[in-house]
Amino acid sequence: MEGSQQEYVGSGKEKVGEVQALLFAKAQELAGVSQITLEIQKGWTTANCFEAVMTKYPALKAIRSCMMVALNHDYVTEPVAVKDGDELALIPPISGG
Amino acid sequence: MFFVFFHKMADFTLELEALRVENARLKEKLKQHLLVEDMLLPSSSNLPRAVIGMNREGGENACPAPPWIAGLSHSLTAAQIQRYSRQLLLPSFGVKAQENLCKGSVLIVGAGGLGSPVALYLAACGVGCIGIMDPDRVELHNLHRQVIHNEASVGETKVSSASRTCLAINSSVKVVEYPFGLDARNALDIMAQYDVVVDASDNVATRYLVSDACVVANKPLVSGAALGMEGQLTVYNYLKGPCYRCLFPTPSPQAACQRCSDAGVLGVVPGIVGTFQALEVIKVLTKVGEPLSARMLILDALSSRIHTVKLRGKNTQCVACGELPQITHITLPNFDYEKFAASPMSDGTPPREQVVGEDQSITCTDYNKLVRGHKSHVLVDVREKHQYDIASLPDSLNIPYAKLPQQLDTIRAAAQKHKHEGDEDMSVYVICRRGNDSQRAVQDLRSAGFNLVYDITGGLLSWAQDVDSTFPAL
Ligand SMILES: [Zn+2]
């Protein structure tokens, strides 16, 4: 829940840009961070970014099937190519009231 | 002189009698009027109690026609015009929108943190009929966020408390009380009587049920949720927009959400989300503005940021609203939502899990005897530190469950320290809030080679119940 926590995930390979991954609700709690900077490689899609986040934070795998993924504030169902400066959001539903 | 007086008396008596007759006639007329209005509003045939504000404004009061001319196109009374004047003055709103509100009906599922502002604002702005549904009673720990209730309503049903507050604000609206939970069998019948449904519930199972029932009953759903410092808001099933299942076809796995370390919530967060829900209801009922359909608003209260994510359209494969729906008015009443969501239709205590056997646990009462007998031991409290800091048992060691694997040596050292010459192995007792995490910890510690590890059954909640009623168990 610490809103300012950020992480940097480098791929070590040919870097073509960076994508900011924003984690919400339970995803933020499980990962312990709210924002991740992902180094992306050539040809990467939202699916690659998603997997990179799962690899870095395996705790997120528990809720991988129930998270909504949005690229630049647009919901994505199929993998979409990402580019430098994109913003990826992982949004699990919350149910409290 | 006497005669004149007597004559006046007779006059007076006659007049009084005439007034009495007139009064009875008007009362009857008023009764008829209220009955007719009730029939126009959602029926209350299968309902326990419908509360109607008695100071109905407007209507025919046997008064002479007012010396002013109402706009030909509307039916608002002088009292309504006065009451709603500040929203009538809005150019984008006006009399038509107000008429739609006054004719409109809304079912609010949940009279808690979200439902409070929804009901308050909808009553205040004049929504004609407000159904409020909630099986719970008001508790003291509700009051920091459920602002429709107050200290005097602790112990009362939430619906009756909420209804009283709504009518105190606006006695001209009708409030229908449902002091029970929404379930698969009652959902469709109740929803059929309303124009819009508000999901202000507090659990996953109810959220799927509300969404499915709205699809089957063809009602727009204004859905809000709040937890911790975050909120989410969407209008589902509106025009061609998606439903809840289109976005979240599979519920969160139980493991990820049912821990002892339940997240808290800051009161204003559901307050903000619920207020947004009231706004969306007003927009849907009045057709003013652009409802939050196929979009999700996400409130991050910590950073004061609001994100709006554009959502997908309907999923053609959706089991509820897709091309071949499996959830219909026939199947829905028999659908087991609690099983599907693997969680109960309440936010109350999650079911107690049984992870370790009786030979590896001790009741609070027995543990208390052991402490009083000064038997040396180690007590480990596996709650999160911020919970531990609120209140804890004396001489306990706080090792949050998540950090247990790295802290085994700390426990070993504590056991060593308490050990006297010739003692056998030191017993370790584990406690948490409700006794679920502590059982997992006992399992983990046994796997790590600790032999005498015991779970204190039921955790600190049981401690407060069975041993020390002054302990502030949360
Ligand atoms: Zn759907």
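**Exercise 1.** Against which strands of chain A do the buried residues of H2(A) pack?

*Solution.* The model is predicted; local features need pLDDT of at least 70, and side-chain atom pairs count only at pLDDT 80 or more. Residues are numbered from 1 along each chain as its sequence is written.

Step 1. Locate the helix: H2 of chain A spans residues 46-56. Helices (H or I, at least four residues) and strands (E, at least two) are DSSP runs, numbered from the N terminus.

Step 2. Identify its buried residues (under 20% relative accessible area, 1.4 Å probe, protein chains only). These are Thr46(A), Cys49(A), Phe50(A), Ala52(A), Val53(A) and Met54(A).

Step 3. Find their partners by contact (heavy atoms within 4.5 Å). The buried residues of H2(A) pack against S2 (17-23), S3 (35-40), S4 (68-71) and S6 (87-91) of chain A.

**Exercise 2.** Describe the contact between chain B and chain A.

*Solution.* Step 1. Count the residues: 33 of chain B are in contact with 24 of chain A.

Step 2. State the buried area, that is, the accessible area (1.4 Å probe) that two parts lose on being put together, summed over both. Chain B and chain A bury about 2500 Å² between them, and 61% of it lies on carbon and sulfur atoms.

Step 3. Count salt bridges (a side-chain nitrogen of Lys or Arg within 4 Å of a carboxyl oxygen of Asp or Glu). Between chain B and chain A there are zero.

Step 4. Identify the main contributor on chain B: S9(B) provides the largest share of the side that touches chain A, with four residues.

How values were computed: Chains lettered and ligands numbered in written order. Heavy atoms only, no water. Buried < 20%, exposed > 50% of the residue type's maximum accessible area, 1.4 Å probe, protein only.
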